[in-house]
2 protein chains.
Amino acid sequence: MRKFKVTFLPSRKEREIIEGETVLEAARESGVEVESLCGGLRNCGKCKVQLLDGTLSPFTDDESKFIPDCEKANGYRLACVAQILSDVQIFVPEISRIEKQGLRKAVAERTIGLNPAILPYYVELPPASLNDLTADVDRLKNGLWEKYHLHGLDIDYPTLLKLSHALREKDWKVTASIWMEKEILDVRPGRSDHFYGLAIDIGTTTIAGYLCDLQNGELIATQSMMNPQVVYGEDVMSRITYTATHADGLEKLHRSIINGLNQLIKAIVEGCSLFSKDILDLTVVGNTAMHHLFLKIDPQYLGVSPFTPTVHQSINIKARDLGLKVHPSANVYLLPIEAGFVGADNVGVLIAQEPYNQDQMVLIIDVGTNGELVLGNRNRLLSSSCATGPALEGAHIKFGMRATNGAIEKVRIDPETLKVDFKVVGETQWKSESKSVKAKGICGSGILDAVAELYWNGIIEKSGRLKKERSMPRLKTSDEGAEFVIAEKDETTHGKEITLTQQDIRNIQLAKAALYAGARLMMKRCGVQKLDRVMLAGSFGTHIDAERAMRIGMFPECDLNNVIAVGNAAGEGAMIALLNREKRGKAEEIARKVEYLELTLEKNFQEEFIEAIPFPNLKGFL
Amino acid sequence: MRKFKVTFLPSRKEREIIEGETVLEAARESGVEVESLCGGLRNCGKCKVQLLDGTLSPFTDDESKFIPDCEKANGYRLACVAQILSDVQIFVPEISRIEKQGLRKAVAERTIGLNPAILPYYVELPPASLNDLTADVDRLKNGLWEKYHLHGLDIDYPTLLKLSHALREKDWKVTASIWMEKEILDVRPGRSDHFYGLAIDIGTTTIAGYLCDLQNGELIATQSMMNPQVVYGEDVMSRITYTATHADGLEKLHRSIINGLNQLIKAIVEGCSLFSKDILDLTVVGNTAMHHLFLKIDPQYLGVSPFTPTVHQSINIKARDLGLKVHPSANVYLLPIEAGFVGADNVGVLIAQEPYNQDQMVLIIDVGTNGELVLGNRNRLLSSSCATGPALEGAHIKFGMRATNGAIEKVRIDPETLKVDFKVVGETQWKSESKSVKAKGICGSGILDAVAELYWNGIIEKSGRLKKERSMPRLKTSDEGAEFVIAEKDETTHGKEITLTQQDIRNIQLAKAALYAGARLMMKRCGVQKLDRVMLAGSFGTHIDAERAMRIGMFPECDLNNVIAVGNAAGEGAMIALLNREKRGKAEEIARKVEYLELTLEKNFQEEFIEAIPFPNLKGFL
């Protein structure tokens, strides 16, 4: 077994690897983030790298699909295919690098009734003596009974270990932190009023933490980072596949999210001059796959029909059992799951938005790799999940990328001149306002904008076909068919045109048709003709242009004034559950109450879906 | 910081150590067992070793107390004092070696009503389908509800992780192992009827395990080993001192017992062709210090007045939280503690002997470093603990040793000729029957025999004084005062006489007086004139001669036919609690019901104690 040294540029990270490892594997081990939407399945072509020195395995047919001859001649390879056969130097071009995503998860400021799961109880106990031989635990319990009438308390093991010292340190005066009036999680000498909790939202792409003071309910810090599982696959299905095809896949993905959360926890507490052991309570939301991987439950049955999760109900588990570096007795509460793909994140959205308390008929759309839909009001709640595919997140799109620096996030086409203008993430000015604005790719909201603008300006037909007969310089035909140039060569960071292809438009059509058909079927099931309100949740919902989304037919008609982005409602739900334990009961109740509609079993599904493919749709209202 | 190599002979174990470590520290790290009754406090003189080569730190005054000039000249040193200053070769003489103790812990065979904490439940579940999207956990719980009307079940985390596979492996037919009708600890595909439990008795000197089949209640294997904490100090107080004087002392003693138990578990399951993961339930008894160290609770407050334990109540804790290598979800149940020194081992004795179900007035004596006494019947139970000191275990006795091979365990003196005969552990014949029988020292039961025989034959006066005026070759006077030769030079393994000194006799007098006075005070408190029955529990109780013990006044008068050795009743109690969970409730109830009598607070204690010092005692019945 020979070993070689691999050096990655421009980061200059080095590592010793075993002969035959792929460049992608070596990159993951070295902490070099290389884009890999398909998770190493050789079908996205996003992991291009350039060999500067050394020997890799021979060029394959898989690679020739994505790497034209001119790039091949310059040593370009797919990192997931090419195996290392000598010491090598590998350049990771900008287009293949994963950029840190901006802090896009921020919860709306709002007042939440404060009723945390952890409360502090201060007691002054009589000292032990030969006339009072009560054991330390009993003495504490007796004191808590006499002063607060708490009874039947358990004491968590790590707290038991330090109890005898804690009681004696300040002359038998202590503050006990008690979880749900059931379990003593912490005993500190003297009076102590500082108790913190952390709400966590595990998104497929981004994880976010919200640190709250449990004494006053204040949100004192937020912190986001990329979900480090991204290197094992961009979307949920890639990661499920990764666990199914690698013996240690589940362990790796689990360790990856736990390590990521430990980094996040360290950063957030240090930013507030606190210690990680000050965190005594945690709540977690995430889609079903993130939920399972966080717990290290094998997600493989989520990936195949009938998509059964291992567990629906909310879960309480010790942070130490998961390896989270907070107080050793801290509890982690995971919100319940509704069904298959409708996860704890959606339950978070529900307790944040409370459609179950409203008379109005509300549609909540949370778009990720899957579109999760909830329709209803105080009388009834329906949920469903539709396979939008990852197109709306920028995947399976030729120049698609996540909403990181350099991604085109807004597109406008002048109806008179047909000139294209765009704005990129990380820049405040539009392209037309500053020559220095350069694009690297295009993200979900930009793609949606582009499609809507092209449709309004007659460049895309109602059927979705690019009007090739129309004569304009930006409309081109390549081997792959028609495409429209969004950014010219001199407007990009890599000197290549950024285009929207016919295939890209088809992908968007399939995604928006899935959402639209899903919503229509749910409305039919409820006997609803018209929506009173549409809520767009999540990062995508916050950044898309609601009017354009509606006008290309992403969701059924609604008064535009009542279409609102509700931000990271899932994260907000986690925070609500952190600050108010009654909401945990509510979450459990609602998760059971929501009726799950399996769209593929609805007899009109195919018909509704096909009718929704054109712009805006066959029953179009515009 | 220089490093040296130390080589121990005759074991030939080698280790690299840091300059300045003591020989005893080096021996512990190398796994060489060197006797150390005082735990390194320099006051027992048992850890003598001989320097064969190399340099140790200079000879000290502490050492001169135990090492005469002739031994000093031959390189003898105390291992706990001498520091290593070069590469050295150290010989550990036989007298300083710790021998493996024989399997002295065996429980009486008896029938225990079978009602284990773990029961298996077999269910056949409907498979998941698109029309039945119930999550796996809910599906299992529904099945257990429908067939067995079990509800409100929790599922333990490691079991949750493997649930989805287990359900599907044999077509949705599984056996769930459920603890106390509360928590699912294990789910196995198909039908499975094999469930094992382990009862553990952690003695200060010996640990014992009893492996039981929980389906039929059979005891299928037993296994004993020396408590590996012995190298950190012979008795409870030495170990408490060790934790108080070493920063990592608590951690070391805890790891030591856990590692020891893992060895024991491995040996016991392999002997039965089982796997450690087949053990799903465990029960543990031990004195309060062993109990605390097993849990890693700092025992320091047990060692100082008012001797408060951290916890009285029984404890349920996951085996994995302790690092025990059994089924990851297995529960460990620790029997409750009565008070300070009256520990879970004594509660085990109570549920094994059930004095609370008897009309007769019973005295139970469990002698270890402390004598634990229980007096009572169905109306009332009193417990107390008396400081016997370790003399009855062979410590603080000039030639004292534990009951391992070579220890004199029985002594007889011919009333006519005053010839001494003895029997040693590990030999079936008496000295008079075989010339090859050689003694190494004398253990508790031998000391008691010797004292009783000397008293009966008038060589010891009623006051305990050796009659120096009596002319006989075995009665000698040395610098330390009078002593009686039990074994001549040619009858020992080391060629030195084994004697019983005046000081040894005084130590035995103090020990037996403490027991006698304790029992008398308890009888007074209960208004009892005479005992109906005396039960001698534990290893010491099994091996002493009950008649001789009574006749020198170790306990108040009782018909000799009703003085019985009950064997390892503590271990038996652990097994009873393993097989019958109702007995756990009974243990909790009894531990609370027993009244603890703090002897030192009784106003007649000093008087009773002093009156009990002579043979048999001032109120003697003989």
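Mentor: Let's start with two neighbouring strands: strand 22 of chain B and strand 23 (residues 481-487) of chain B run antiparallel and are joined by four bridges. Strands here are DSSP runs of E with at least two residues, helices are runs of H or I with at least four, and both are numbered from the N terminus. Two strands count as paired if DSSP finds at least two bridges between them. Across this pair, B:Lys476 stands opposite B:Glu483 in strand 23 of chain B.

Before we go on, please keep in mind that this is a predicted model, in which local features need pLDDT of at least 70 and side-chain atom pairs count only at pLDDT 80 or more, while totals for chains, interfaces and linings use all residues. Residues are numbered from 1 along each chain as its sequence is written, and chains are lettered from A and ligands numbered from 1 in the order in which they are written.

Our pair belongs to an open sheet of three strands in chain B, with the order 22-23-24 and antiparallel pairing. Strand 22 (475-478) and strand 24 (498-501) of chain B are at the edges with a single partner strand each, so one side of each has no neighbour in the sheet. On average, neighbouring strands of this sheet are turned by 45° against each other, direction ignored. For such angles, axes are lines fitted to C-alpha atoms, for helices over the stretch in contact, and the angles between N-to-C directions run from 0 to 180 degrees.

What packs on this sheet? Helix 12 (residues 502-526) of chain B does, touching strand 23 and strand 24 of chain B, and its direction makes about 60° with that of strand 24 of chain B. Contact between two residues means that their C-beta atoms, placed from the backbone, lie within 7 Å.

Chain B has another open sheet to look at, made of five strands in the order 2-1-5-3-4 with mixed pairing. Its edges are strand 2 (13-18) and strand 4 (76-78) of chain B, each with a single partner strand, so one side of each is left without a neighbour in the sheet. From one strand to the next, the twist averages 35°. Inside this sheet, strand 3 (residues 48-53) and strand 5 (residues 88-91) of chain B pair in the antiparallel sense over three bridges, and B:Gln50 stands opposite B:Phe91 in strand 5 of chain B. Helix 1 (residues 23-30) of chain B lies across strand 1 (3-9), strand 2, strand 3 and strand 5 of chain B, at about 125° to strand 2 of chain B.

Now to the two chains together. In all, 33 residues of chain A are in contact with 33 residues of chain B. Helix 4 (136-148) and helix 5 (157-169) of chain A are the elements that give two or more residues to the side of chain A that touches chain B. Helix 5 of chain A gives the most, with six residues.

How are the copies related?
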